[in-house]
Amino acid sequence: MLFDAVQERIFKEFYSFTFPSDFMSFDSFREAMENKLSEKEKNRLPAYFRAFDSQQNFYLSYLDYLLGLFFE
């Protein structure tokens, strides 16, 4: 049950940054990570985005985002 609540929160967060699209661009990713990362970590955003982008599409699907957050 707790996992479902966390996954739902992540789902809402993802779509708040991507709507009406189903995919997250790097700019949207940067906005989403703005309050999650320290200043030092923000310098690594391009590397984090590439790590989340498992299919190397240069955008993130919801599943990419979800898995990236859980393995971060």
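Predicted model: local features only at pLDDT ≥ 70, side-chain atom pairs only at ≥ 80, totals over all residues.
I begin with D64, an acidic side chain that is buried and yet forms no salt bridge. Which side chain of opposite charge is nearest to D64? That side chain is R50, and it is 14 Å away. For comparison, a salt bridge here would require a side-chain nitrogen of Lys or Arg within 4 Å of a carboxyl oxygen.

What, then, surrounds D64? The residue is placed in helix α5, which covers residues 62-70. A polar atom of the D64 side chain lies 3.1 Å from the backbone nitrogen of S61. Leaving aside residues up to four places away in sequence, D64 touches F52, D53, S54 and Y59. The picture at D64 is therefore of a buried residue, where buried means under 20% relative accessible area, without a salt bridge but with the backbone nitrogen of S61 at 3.1 Å from its side chain.

Let me turn to the loop between α4 and α5, where α4 spans residues 45-52. Two residues of this loop deserve attention for their backbone angles. Q56, located there, has a positive phi of about 55° although it is not a glycine. F58 lies in that loop as well, and its phi is also positive, at about 70°, again without the residue being a glycine.

Next comes the nonpolar surface. Which residues make up the nonpolar surface patch? They are F3, L63, L67, F70 and F71, and the patch amounts to about 550 Å². Helix α5 supplies the largest share of the patch, namely 3 residues. Helix α5 is also the helix in which D64 is placed. F3, by contrast, sits in helix α1, residues 2-18. F3 is partly exposed, with a relative accessible area of 46%.

Finally, I draw your attention to a peptide bond. F19 and P20 are joined by a cis peptide bond, with omega at about 10°. P20 is located in the loop between α1 and α2, the latter being residues 26-33.

How values were computed. Residues numbered from 1 in each chain as written. Heavy atoms only, no water. Patch = residues over 30% accessible without salt bridge, like charges linked within 9 Å, V, L, I, M, F, W, Y side chains within 5 Å. Areas by Shrake-Rupley, 256 points an atom, 1.4 Å probe, with all protein chains shown as cover. Helix = DSSP H or I, 4+ residues; strand = E, 2+ residues; numbered from the N terminus. Buried < 20%, exposed > 50% of the residue type's maximum accessible area, 1.4 Å probe, protein only. Lys, Arg positive; Asp, Glu negative; His and termini not counted. Polar contact = N/O pair within 3.5 Å; in protein donor to acceptor, adjacent residues only side chain to side chain. Contact = heavy atoms within 4.5 Å.
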